[in-house]
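Here's a walk through one protein chain, taken piece by piece. Keep the viewer open and click along as we go.

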Amino acid sequence: MRAEERIAIVTGAAMGIGYAIAEALGRAGHEVVLLDIQRAALDEAVARLNAAGIRARGIELDLAKDEQIAQLPQRLGDAWERVAILVNNAGISPKRNGKRVETIDVSLDEWDLVLKVNITAPFRLSQLVLPGMVKNRWGRIVNISSKGGRSPGGVAAIHYVTTKSGMLGFTRSLAKDFAPHGITVNALAPGRIETPMTSGSAPEVQARMVASIPVGRMGKPEEVGALAAFLASDAAGFITGATIDINGGAVMI
């Protein structure tokens, strides 16, 4: 398929990094499908993209509910055959008054919810899109991990760190299995990015985090979007199983 024929699915795309990725993929010529649980924000995001000349549609979907994920092919209908790019961006990181949840205070329900959204949903969505990618012998999966998945600390609690670390092994395993089929699978590990999630941190936490970044600022969603769009392109066909850090030098591995 040509770029303009490919459909890219982006989860958690109503705002922040997800929206920036959807916009970058749209500007690269792809039709984009935005998945998000927030209906009003989703509608607004799609309207902004459409106004910019980007072919976009939104689907309200709760990634914690597998039955909703399983219905996605039916909801896209004939367009499902053109799904060639999946960006697993959505993630949740519960806080308490803007600060990290201490390990002994994490409830089992909260633990289960974070795992469902952050790691089980990417696994299930990948299961759904991979048969079509194998058939077409072309596909791109980009998983959004985190600096917290590379080096624990900051405001990320144990459930978030666990899932974002798990995303790295998940990425490598998929990459190894599907490389012979023309499918690449890579992960991005963003550091502190200006998003609604990071804005929920307490001011003193925010200041401490920025002070720890060598470049002296937080990252912009558009910077992550540009990198994700590159990994989803034909030009990135020789990159797979990689984790690319985008954190201003906060973690250097």
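Let's start with Glu 110: leaving aside neighbours within four places in sequence, this residue is in contact with Pro 94, Arg 96, Val 101 and His 159, where contact means heavy atoms within 4.5 Å. Before going on, some housekeeping: this is a predicted model, in which local features need pLDDT of at least 70 and side-chain atom pairs count only at pLDDT 80 or more, while totals for chains, interfaces and linings use all residues. Residues are numbered from 1 along each chain as its sequence is written, and side-chain values use heavy atoms, with hydrogens and water left out.

Glu 110 sits in helix H5, which covers residues 108–136. Helices (H or I, at least four residues) and strands (E, at least two) are DSSP runs, numbered from the N terminus. With a relative accessible area of 14%, Glu 110 is buried. Buried here means under 20% relative accessible area, exposed means over 50%, and partly exposed is in between (1.4 Å probe, protein chains only).

**How the helices pack**

Axes are lines fitted to C-alpha atoms, for helices over the stretch in contact, and angles run from 0 to 180 degrees between N-to-C directions.

| Pair | Axis separation | Angle |
|---|---|---|
| H5 (residues 108–136) and H7 (residues 158–178) | 9 Å | about 15° |
| H1 (residues 16–27) and H10 (residues 221–231) | within 8 Å | roughly 45° |
| H1 (residues 16–27) and H2 (residues 39–51) | 11 Å | about 25° |

Take H5 and H7, which pack at an angle of about 15°. That makes H5 roughly parallel to H7; the cut-offs are under 35 degrees for roughly parallel, over 145 for roughly antiparallel, 65 to 115 for roughly perpendicular, and oblique for the rest. Among the H5 residues making the contact are Glu 110, Trp 111, Val 114 and Phe 123, and on the H7 side they include His 159, Tyr 160, Met 167 and Phe 170. Sorted by class, the contact of H5 with H7 has 14 nonpolar, six polar and two charged residues. For that count, Ala, Val, Leu, Ile, Met, Phe, Trp, Tyr, Cys and Pro are nonpolar, Asp, Glu, Lys and Arg are charged, and the others, Gly among them, are polar.

From H1, Gly 16, Ile 17, Ala 20, Ile 21, Ala 24 and Leu 25 meet Pro 221, Glu 222, Val 224, Gly 225, Ala 226, Ala 228 and Ala 229 in H10. The residues of this contact between H1 and H10 split into ten nonpolar, two polar and one charged.

Which residues does Gly 225 touch, not counting those up to four places away in sequence? They are Ala 20, Ile 21 and Ala 24. Gly 225 lies in H10 and is buried, with a relative accessible area of 0%.

H1 also packs against H2, at an angle of about 25°. That makes H1 roughly parallel to H2. Tyr 19, Ala 22 and Glu 23 of H1 and Ala 45, Arg 48 and Leu 49 of H2 make the contact, and by class the contact of H1 with H2 has four nonpolar, no polar and two charged residues.

Ile 69 lies in helix H3 (residues 66–70) and is buried, with a relative accessible area of 1%. Leaving out residues up to four places away in sequence, Ile 69 touches Leu 61, Leu 63, Ala 121, Arg 124, Leu 125 and Leu 128. The C-alpha atoms of Ile 69 and Leu 125 are separated by 7.0 Å, though these residues are 56 residues apart along the chain.

Arg 137 lies in the loop between H5 and strand S7 (139–144). Its phi is near 55°, a positive value in a residue other than glycine. Is Arg 137 buried or partly exposed? Arg 137 is partly exposed, with a relative accessible area of 49%.

Thr 243 is found in strand S9 (residues 243–246) and is buried, at a relative accessible area of 18%. Neighbours within four places aside, Thr 243 is in contact with Arg 150, Leu 168, Ala 187 and Ala 189.
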